[in-house]
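Q: Could you walk me through this one, feature by feature? I'd like the general idea each time, then the case at hand.

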Amino acid sequence: MAGIAILLDLYRKNPSFCSQQSFHSSGLFSASAAAASAAATVVAGTPFASRFLFGNPKVSHCDAAAAFPEDYISNVQRLSEDIVKNVKNLKNDALKYAVKEYKVELKPLYSAFELRPFAMTTLRSFLMFYLPLLEPATNVEEDDEDFLQDTPKELHVDLVVPFKKSVKQIIRETTVVTTRRVLERLAVIYVSQRMAWKLLKDVPKSAVRKSQRGLPTTVYFFRVSRTTFRGHLLGVVAAALVQTGIEIYRCFCRKTNSEESDEVNLTEQTKLLGKKISGITIRCGASLIFASIGAGIGAVLFRPSVGQWIGCAAGDLAGPIIVSVCLEKAFHVNL
């Protein structure tokens, strides 16, 4: 519109301009009008100060299409494939180096009094003290005359003493399990989350996971033994604490039940208590070490979960016996 206005203004001022110049073709007129309109538009769009300082801007137009190389599309496709691969690698690296979450699962505090564990503890305790009573009494040394003359004597079996021992064993085992649950909660509070997770780890399941990694036999044995050592540590510490408490209680009972104070020597009782506490510490340490070694051997020789459990139980039972026998023969020390 600005271009048309300029043309009309020129026509008013000089009417002979258009009479002397004739338009020979409509294409030339349209091209001139379009060019003038474009130039006027650009000039109108430029601020007055800008025109004064920099003059009228020069505008160039090109209708030719941009020339692309022949392998442009293939390069774009290759670049997109590289981007996808880099994204996948970043995801894999993120999964690889992600922060591991340690989920600590605490068992109930009074889990020892649940139906199944308490029933197993009761059955094991009664079998421990009543099975020896079922063995027949045999007399190896017998004389013929005594055999002809003497009549067989009836043996009276006392069932009260094994019952008391069985009840004491049940109380002891439930106390050990409850003490372990307390130690687990203290570990969660006072140690790091990673260490608490290792102390409370399910060792048979961990042995199964390690067996699926294709580790060498020696490495697998070492790792299962190390995991068993950590997972069995709180149980051994709980057993040592309970045994120590029982010995301290017995020591005070002996002092209070004695009629004459002179007969009870305080120094001797203290030495005896220290000796028993030392024996408890040695037996518990042997139980922990042998249980770890037995768990590694069982996991290697048998199935990971069952072998680990059997080896741990066998080492826990045999460790204190082996150490007691060795100390008795080598140093003549009775634990």
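Q: How many residues does helix α8 have, and how far does helix α8 reach from its first C-alpha to its last?
A: First, some ground rules: this is a predicted model, where local features need pLDDT of at least 70, side-chain atom pairs count only at pLDDT 80 or more, and totals for chains, interfaces and linings use all residues. Residues are numbered from 1 along each chain as its sequence is written, and side-chain values use heavy atoms, with hydrogens and water left out. Helices are DSSP runs (H or I, at least four residues; strands are E, at least two), numbered from the N terminus. The expected span is 1.5 Å times one less than the number of residues. Helix α8 (residues 160-190) has 31 residues and reaches 45 Å, close to the 45 Å expected.

Q: Which residues of α8 are buried, and what covers them?
A: Buried means under 20% relative accessible area, exposed over 50%, and partly exposed in between (1.4 Å probe, protein chains only). In α8 the buried residues include Pro-162, Gln-169, Ile-170, Glu-173, Arg-181 and Glu-184. Their cover includes α6 (115-130), α9 (193-199) and α11 (217-257). Over the chain's 335 residues, 21% count as buried.

Q: How do I read an aromatic pair?
A: You describe a pair of rings by the distance of the centres and the angle of the planes. Rings of Phe, Tyr and Trp (its six-membered ring) pair if their centres lie within 6.5 Å; planes under 30 degrees apart are stacked, over 60 edge-to-face, the rest tilted. The structure holds four such pairs. One of them is Phe-126 with Tyr-130, stacked at 5.9 Å centre to centre and 25 degrees between the planes. These two are four residues apart in helix α6, so about one helical turn separates them. Phe-126 also pairs with Phe-163: the centres are 5.9 Å apart and the planes at 40 degrees, so that pair is tilted. Because Phe-126 lies in α6 and Phe-163 in α8, the pair ties together parts 37 residues apart in sequence.

Note on methods:
Contact means heavy atoms within 4.5 Å.
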